[in-house]
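Hi,

Here is the structure I promised to pass on.

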Amino acid sequence: MPRIYTTLVALFVPVFAILTVIHLFDVANILALRSSWPFSSYSDPGFEDPGTAQAPPHFHQHSSSSHKDHAGLGSVSSGQVKGRFKRRIVAVGDLHGDIGNARKVLNMAGVVDKEGNWSGGVDFFVQTGDIIDRGDDTIKLYDWMDLLRGQAQEKGGTVLSHLGNHEWMNVIGKYVHASEIATFGTADQRMRMLMTGRIGKSWAANYSTTSRLPLHSSLGLPNTDYNPSDHSPLSHAAISFVHGGLAPNYPDLTPFPSRINSLGSSLLRKLQHQTPPPPPHPPHPYPGLPPSATSAEQGLYGTNGPLWYRGWALESEQKVCGLVDQVLQRTGTRRMIMGHTPDFKKIVSRCAGKIIIIDTGISHAYGGVLSALSIEYTLTPVSGKGDQRRWKEREVVSAVYSNHRDVLATSEREVIGDF
């Protein structure tokens, strides 16, 4: 009998060991497979597949019945719908030499992380000019903007930068603060950096006077000219950005935005390549525009031009609301956003959000409120196919502050088409 037991044990132990190893191998494979499942994947930066929708960092779902929400949390849109297109835009006004407050604003709006690097939480970041003057962080701010531009491109995002009236004043030759000049070394060194140095080169390559930013990719890339013969439901699903304002009687408004930007590029080129460059003001007299500037280029820099115009901010509600639609129609946009004229307490929305002024004196030189503008756009398929496909278009425009968010405008409608 002992020999029988010994024989049975000798046969059973190897078999049991083999079965145990096979079982453990299967469990390990299952665990490895589960750990490799993707949390999200996108076929296109603006489109959602089932189960992949993720809210941008720092923003939580917003209820349409509320006009305030905690900033730094939530997203206006929610749910997971196949084929839904999403686009999120953040815009910031005048920064005036204050990189500390600028970093706070971009972080609270979800544009950058705590280290000041591009977060990937937005599709477009727009800055409307006047980075220079008032504070001493001019060089740091322009370098940071260029850093973010490169980081954004690596993650599928875009930075749109604009020249404000203060950038133009400086390239003309007017310098404002002695302490800021000292950060460049001397006035001559500052002039060279703004003319043909790295800041001047970035202005020429990366900064425009105005922008037309489509809300949907079917309208083309940023700064694609509005086509007046486009009668599609989304023909005006775009937003204009500029430093001062697009005056209703400005003669070079169209084609928009290429006409204005062409004038800006040609005038900037003339100013940056003057031989010899004008001596700085002060102490020398203010040089003004060069003799070679055309009448259209002079108008660009005039009080009625896009760099200085303040009518949308200062005229009566009745007057601006009576004029705004004609400008929106001609520019192929539904809203115009600008800086330049500060309100130190809030972002100003006029005419049901058709006019939005985002300069709130962010720089410590003004002591205004820290703010950013957030635009969240979705186009969600409802039913149908091809040209008869039905979509729900939704846009929510919010002012983001350090501890809350105010909804400035909400629009929702159904459109039909093949987008």
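Predicted model: local features only at pLDDT ≥ 70, side-chain atom pairs only at ≥ 80, totals over all residues.

A word on naming before anything else: helices (H or I, at least four residues) and strands (E, at least two) are DSSP runs, numbered from the N terminus. By that scheme, proline 283 sits in the loop between H8 and helix H9 (295-300).

Residues are numbered from 1 along each chain as its sequence is written, and side-chain values use heavy atoms, with hydrogens and water left out.

Back to the prolines. Another cis peptide bond runs from phenylalanine 256 to proline 257, with omega near 5 degrees. Proline 257 belongs to the loop between strand S7 (238-242) and helix H8 (258-272).

Next, the cysteines. Searching the whole structure for disulfides (a pair of cysteine sulfur atoms within 2.5 Å) turns up 1. The partners are cysteine 321 and cysteine 351, with an S to S distance of 2.1 Å. Their link is left-handed, at -100 degrees about the S-S bond. Cysteine 321 lies in helix H11 (residues 317-331) and cysteine 351 in the loop between strand S9 (348-350) and strand S10 (355-357), so the bridge ties together parts that are 30 residues apart in sequence.

How do the two ends compare in exposure? For this I call a residue buried under 20% relative accessible area, exposed over 50%, and partly exposed in between (1.4 Å probe, protein chains only). Cysteine 351 is buried, at 10% relative accessibility, whereas cysteine 321 is partly exposed, at 28%.

Alanine 352 is not a glycine, yet it has a positive phi of about 60 degrees. This alanine 352 is placed in the loop between S9 and S10, and it is exposed, with a relative accessible area of 67%. Histidine 340, also not a glycine, has a positive phi of about 75 degrees. You'll find histidine 340 in the loop between strand S8 (335-338) and S9, where it counts as buried at 5% relative accessibility.

Cheers
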